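This briefing goes through selected local features of one structure, grouped by topic. Please read it with the sequence and the coordinates at hand.

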Amino acid sequence: MFPALIPAIPFLSACILMLCWRRIGRTAVTVVGCGSIALSALVALVIVGQLAANGQQPVVQHVWNWLQAGGFTAGIDLRIDALSAMFVLVITLVGFLIHVYATGYMADDPDYSRFFACMNLFVGAMLVLVMADNLLLLYFGWEGVGLCSYLLIGFWYKDPANNYAARKAFIVTRVGDTAMAIALFLLFQYTGTLEIPGILSSAAQQWTTGSPMVTLIACLLLGGAVGKSAQLPLQTWLPDAMAGPTPVSALIHAATMVTAGVYLLARTHTLFELAPDAQAATAIIGAVTLVLAGFSALVQTDIKRVLAYSTVSQIGYMFLALGCGAWSAAVFHFVTHAFFKALLFMSAGAIIVALHHEQDLFKMGGLKKQLKAVYWVFLIGAASLAAIPFVTAGFYSKDQIIWLAWSAAGGHPALWVAALLGALLTGMYTFRMFFLVFYGDAKTHVHHLPGKAMMIPLYILAVLSVVAGFVELPHTLGHLTLVTDWLLPVLPQVTVVQESAALEWLSQGISALLALSGIGLAYTWVIRRPKGMSDFLEMPALEWFRGHWARGWDFDRLYDVLLVHPFVYLSRVNRKDLVDRLYTGIARLMEVCHQLLARTQSGILRWYILGVVLGAVAILSVLIWRIYE
Amino acid sequence: MNLHPTTAGLLLSGVLFVLGLISILVRRNIIFMLLSVEIMLNAAGLAFVVASAHWGTADGQVMFMFILAMAAAEVSVGLALILQLYHQLKTLDSDEANKMNG
């Protein structure tokens, strides 16, 4: 099997859907849209099977020489190794489930075919990103993902607000992309290649640990990852990206776009090991983001925005793990997060459709009886997100990160405290949302129940949100390290400084306790409503905070003041600038010439012939003059 | 006057060409303009034949065959156009057909 088939099939189906949608019916669109991802997932399974069978020798395919200039060659080379294999499997499998769900969710949309074309393009671009063997091709996929997010966030383009959200996502991530492009230029200048294995092997010889150049490059790469993965300070686009259809949100949050940053950092981990400062910055960004986004999620009123901030927060955990050198823990959390976040988004979508596109949490309530099936899958997803101990996948992956934030070589007690605070917040905001939706008095009439196409993917994801955790168990609970072992050829094992079973038990105990008490707090807050707590929460001092959290700590306003307003002002001042006048002058000159030439077009044939004759005479005279000179 | 045959032939073709050119510029009747074009084509053909005789190759004569075929095609198209022109404007004056000006 060729690795190239994995991205090629979604691309091909996207082309078919874009070009032939008028000629093929809705059923055919469904078959092409979902079938291509299923096919791609099958090929991926076969290739990963090969990879496992041949002792993790990477499966590489050289498709084409893309660029060749001087000593520089960039090929379209696809490579499946332990790391990309995990991403490819998650992208295709979760992507397939999202596609199946979307056939139900988007069933009545007039732009059904355009939707699937963009979704397949999205999956294809993400697959190119993770399978690329050189950074240029990775960048191609990286930008492809950005384009598709733009197309899909603004999918319902008739509402200007959606277009604003799409543009914001595009422009804000572009800031990070610029940093990443500069990192690529620097890498090429210093190592002479853009092939990932080549860079990683020559980086260790080129730079000593902590040298300024490698730190700069790592920081620039981090900037790219921060933009794509919506981390501080470029996180503002993700909550607004909720403007797109819910399956799009599920795809962006679970399987594709926002995890690209995690993948990039894991892929270039050698550079980060050479730059401890950049690595520490990664950990700090992750820790700060996960706490700030947790607070924001706590006070949102829109169900999808709660989930959006929760994604920012969970990706913060992944960055924290990457920054501590716990590479495989980050990838493990990515996998479990993909399952439960896709589950949560799609069950939220089911609720939204059932309530006739109502997204306000405070207008829901009492849905437990009316949406029984959704209630259970949402509960499983929420439990996994909140990391209920022992029974959920989220517990095993998040707990590992919390413990390593303390004990790993790059860890620090402060990071550990931030991670624990995040665990408390996660429990609180997740179950606040859960209780608000399903308990209390019913406020909205259920419009219609989700169909089979929407429910079956939810059941599968619910099972995965539980069992996916059992592949990697902590040392204190059975010590199973399948994920770390699988990733060992690509990602080095984490160096644990403080290895102590007692401390690990303590850390796990505290994090489990915090998660549960977060749930308890949410329960008292939303359902039992004791006077003390509501008095405390409605204090005027907290009101101020709540407003800021609800607006995402007012980063938007900050950027408006710092960047948008000055830019608009400058452009207004500079509206009639000199350079523009030069070009306007050229345009005027051309207009005058045009008028003159238009005069010569008289419609009288003999004048034209005369023109031809004069021209011929002139050319012949010049020729003869030059011959006889 | 004792001219080399090649020079004489080329002179003849040149004179013919210029005559055709002048008549196409001064005539307004479109049929005469078509005739003048034929004269110019024949002048060019004559130049080809003279040149092929000069170098002793058949290339120029083959080229003249092409010119003849092209002239035949051109005349048929041209006459059809003239018929249409007459049908539309009831005149053969080419200056009357000046509707397509800028």
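What are the helix and strand percentages over residues 33-56 of chain B, and how far apart are the end C-alpha atoms? The chain there is 96% helix and 0% strand, and its end C-alpha atoms lie 34 Å apart. The model is predicted.

**Annotated stretches**

- An unreviewed UniProt entry lists residues 6-26, 33-56 and 62-83 of chain B under "transmembrane region".
- Residues 62-83 of chain B are 100% helix and 0% strand, with 32 Å between the end C-alpha atoms.
- For chain A, UniProt (unreviewed entry) gives residues 66-116 as "domain: NADH-Ubiquinone oxidoreductase (complex I) chain 5 N-terminal".
- Those residues, 66-116 of chain A, are 57% helix and 25% strand, and their end C-alpha atoms are 28 Å apart.

- B:Val37 belongs to helix α2 (residues 30-55) of chain B.
- With a relative accessible area of 25%, B:Val37 is partly exposed.
- Leaving aside residues up to four places away in sequence, B:Val37 touches B:Ile24 and B:Glu74.
- Between B:Val37 and B:Ala69 there are 14 Å in space, C-alpha to C-alpha, and the two are 32 residues apart in sequence.

**Packing of α11 and α14 in chain A**

- Helix α11 (residues 260-267) of chain A packs against helix α14 (residues 303-323) of chain A at an angle of about 5°, and the axes are 10 Å apart.
- Because of this angle, α11(A) is roughly parallel to α14(A).
- On the α11(A) side the contact involves A:Gly261, A:Val262, A:Leu265 and A:Ala266, which meet A:Ile315, A:Met318, A:Phe319 and A:Leu322 of α14(A).
- Sorted by class, the contact of α11(A) with α14(A) holds seven nonpolar residues, one polar residue and no charged residues.

**Aromatic pairs**

- Over all chains, the count of aromatic pairs is 25.
- One of these pairs is A:Trp406 with A:Trp416, which is edge-to-face, at 4.7 Å centre to centre and 75° between the planes.
- A:Trp406 sits in helix α17 (residues 393-407) of chain A and A:Trp416 in helix α18 (residues 413-438) of chain A, ten residues apart.
- A:Trp406 is partly exposed at a relative accessible area of 22%, whereas A:Trp416 counts as buried at 12% relative accessibility.
- The ring centres of A:Phe431 and A:Phe434 are 5.4 Å apart and the planes are at 70°, so this pair is edge-to-face.
- Both A:Phe431 and A:Phe434 lie in helix α18 of chain A, three residues apart, or about one turn of the helix.
- A:Phe431 and A:Phe434 are both buried.
- Ring pairs join A:Phe431 and A:Phe434 into a cluster that also includes A:Tyr375, A:Trp376, A:Phe378, A:Phe435, A:Phe438, A:Tyr439 and A:Tyr523.

**Backbone features**

- The peptide bond from A:Leu232 to A:Pro233 is cis, with omega near 0°.
- A:Pro233 falls in the loop between α8 (212-228) and α9 (237-240) of chain A.
- A:Ala387 is not a glycine, yet has a positive phi of about 60°.
- A:Ala387 is located in the loop between α16 (372-386) and α17 of chain A, and is buried with a relative accessible area of 8%.
- B:Lys90, also not a glycine, has a positive phi of about 55°.
- B:Lys90 lies in the segment after α3 (59-89) of chain B, and at 58% relative accessibility counts as exposed.

Note on methods: Residues numbered from 1 in each chain as written. Chains lettered and ligands numbered in written order. Predicted model: local features only at pLDDT ≥ 70, side-chain atom pairs only at ≥ 80, totals over all residues. Heavy atoms only, no water. Axes fitted to C-alpha atoms, helices over the stretch in contact; angles between N-to-C directions. Helix = DSSP H or I, 4+ residues; strand = E, 2+ residues; numbered from the N terminus. Parallel < 35°, antiparallel > 145°, perpendicular 65-115°, else oblique. Contact = heavy atoms within 4.5 Å. Nonpolar A, V, L, I, M, F, W, Y, C, P; charged D, E, K, R; others polar. UniProt positions renumbered as here; feature names shortened; annotations may be inferred. Buried < 20%, exposed > 50% of the residue type's maximum accessible area, 1.4 Å probe, protein only. Phe/Tyr/Trp six-rings, centres within 6.5 Å; stacked < 30°, edge-to-face > 60°.
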